[in-house]
Amino acid sequence: MVPLSYYMILSAIVFVTGVVGVLIRRNIIMILLSIELMLNATNINFVAFSYYLNNIAGQVFVFFALTVAAAEVAVGLAIIIALYRGKNTIAAEELNLMKW
Amino acid sequence: MGSLSFLYFGTVIVLTAILVVALRKPVYSVIALLVMFFHIAGLFVTLHAEFLAAVQLIVYAGAILVLYLFVVMLLNVKEDDSYQRQVRLGIGLGLLALAEVAYIVSAAGLPEEPVREPAAALAAAGEKAAAVAGNTETVGRALYTTYLFPFEVSSLILLVAMIGAILMAKKGIMGPEAR
């Protein structure tokens, strides 16, 4: 049987990969995809804890995380489409409208 | 058997996660993410979360990734998809955070085996009932009894997201007249 810590390390690797993706990519779609990676890393953690602690609450919370991820994707992609229509670019450093 | 399947799924998940971040073309990244979602679903099956594995495939691989593909192909950006200047700094910070998490996990004293507390007492009645009920029934019962209010709130989140997405994708929000 695999120890619980292996799952946590796996999830940490995926999460950190997502963080690095947010930091280094220029395309906003890729930044959203990296956020998706992070959400999935937390889901792995939730399910692993749910199995190892014998508690169904972890799986229910994955369900809620899924709902929030779907909402985030819908709103995020709508924002990207609106940005692209207005500024004709989706490179992160070009979008400095709210930078003072 | 259990550790072998974990090794396979974990390796593929890590590799595809790195590919998602490293590949230059967004379409390839989305395909790599698709492979990762399938393997996460497999990992869920090995953790006896069959319902969530199905939901993972249907919602993530079926709905969310198709939405991403739509937008990637709709916008069809022709700029160079290079990285930011601070690649080394980002990777260094990531490795630092990973080392911290690894230290915390190793120091936390997590259970090696699944906790099946008072094993002797529960084994007779509880385990049998859980085995008969199955994963989907157990999740459904928890969702509609203990977590009924969060469940309703999540439906509200979806409604707000739907309205927001329709409003923001409409013409004229960031259009010529708004500039």
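This is a predicted model: local features need pLDDT of at least 70, side-chain atom pairs count only at pLDDT 80 or more; totals for chains, interfaces and linings use all residues.
## Overall fold of chain B

The secondary structure of chain B consists of six helices and zero strands. Along the sequence, the pattern is therefore written α-α-α-α-α-α.

Chain B has 179 residues, of which 21% count as buried. Among its contacts between residues at least 6 apart in sequence, 52% join residues at least 24 apart.

## Helix α2 of chain B

Helix α2 of chain B covers residues 26–46, a run of 21 residues.

The buried residues of α2(B) are B:P26, B:S29, B:V30, B:A32, B:L33, B:M36, B:F37, B:I40, B:A41, B:L43 and B:F44. These buried residues pack against α1 (2–22) and α3 (50–75) of chain B, and also against α2 (28–52) of chain A.

## Contact between chains B and A

The contact draws 74 residues from chain B and 65 residues from chain A. On the chain B side, the elements that give two or more residues are α1, α2, α3, α4 (87–108), α5 (119–144) and α6 (148–169). By class, the side of chain B that touches chain A comprises 53 nonpolar, 15 polar and six charged residues.

Methods: Residues are numbered from 1 along each chain as its sequence is written. Chains are lettered from A and ligands numbered from 1 in the order in which they are written. Helices (H or I, at least four residues) and strands (E, at least two) are DSSP runs, numbered from the N terminus. The expected span of a helix is 1.5 Å times one less than its number of residues. A residue is buried if 20 or more other C-beta atoms lie within 10 Å of its own, exposed if 12 or fewer, and partly exposed in between; C-beta atoms are placed from the backbone. Two residues are in contact if their C-beta atoms, placed from the backbone, lie within 7 Å. Ala, Val, Leu, Ile, Met, Phe, Trp, Tyr, Cys and Pro count as nonpolar, Asp, Glu, Lys and Arg as charged, and the others, Gly among them, as polar.
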